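Please consult the sequence and model shown here.

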Amino acid sequence: MSEIIRWSPTLGVGVEKIDEQHRELFATINRLIKIIPEKKGKADVLKLLNELLAYATNHFSSEQEYLGEHPDFVEHLYQHLEFEKKIITLKEKIILGQEDIALACHKVLIFLLSWLQNHILHHDVRDFAALGK
Ligand SMILES: [Fe+2]
């Protein structure tokens with residue numbers, strides 16, 4: 001699949017396992033960009049959100065294993081919880097028919113793109129660097 005957005009070494013945190021998980025997120029975002037014009041139905045979008053949640057649970061627990069001793073760990077953990085809350089809330093709204101599917105896809109995309117910029121680039125890179133990783 002062609003990549004619209006690409007992981008770059010500037011986003012590297014110095015731990016290959018974490019970088020690989022971040023690349024997975026890029027792949028998911030590229031899939032999302034691809035399915036938006038296809039106007040997928042509720043089931044497909046919910047499937048993607050479920051995959052995103054499963055990814056988040058696994059990835060965040062990996063990061064937290066490394067960052068537990070970091071002085072800003074609580075702030076970092078809070079952001080991870082906010083990520084999960086955001087996706088869960090959107091998922092619930094879709095299930096209850098309170099959110100337009102196309103709009104939901106755009107909201108997730110905007111949220112994930114801002115996550116790359118604000119969380120991975122700033123918090124992950126900075127916090128791992130502080131650990132000497
Ligand atoms: Fe993180």
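Axes are lines fitted to C-alpha atoms, for helices over the stretch in contact, and angles run from 0 to 180 degrees between N-to-C directions. The model is predicted: local features need pLDDT of at least 70, side-chain atom pairs count only at pLDDT 80 or more, and totals for chains, interfaces and linings use all residues. Residues are numbered from 1 along each chain as its sequence is written.

- Helix α1 (residues 16-35) packs against helix α2 (residues 42-67) at an angle of about 165°, the axes being 11 Å apart.
- That angle makes α1 roughly antiparallel to α2 (angles over 145 degrees count as such).
- Residues making the contact (C-beta atoms, placed from the backbone, within 7 Å) include Leu25 and Leu32 of α1 and Leu48 and Leu52 of α2.

**Overall fold**
- The protein chain has four helices and zero strands, where helices are DSSP runs (H or I) of at least four residues and strands (E) of at least two, numbered from the N terminus.
- The C-alpha trace of the protein chain spans about 45 × 30 × 20 Å along its principal axes.
- Of contacts between residues at least 6 apart in sequence, 76% join residues at least 24 apart.

**Burial and Glu20**
- Of the 133 residues, 14% count as buried (20 or more other C-beta atoms, placed from the backbone, within 10 Å of a residue's own; 12 or fewer is exposed, and in between is partly exposed).
- Glu20, found in helix α1, is exposed, with 12 other C-beta atoms within 10 Å.
- The C-alpha atoms of Glu20 and Ala130 are separated by 20 Å, the two residues being 110 apart along the chain.

Notes
Two residues are in contact if their C-beta atoms, placed from the backbone, lie within 7 Å. Angles under 35 degrees count as roughly parallel, over 145 as roughly antiparallel, 65 to 115 as roughly perpendicular and the rest as oblique.
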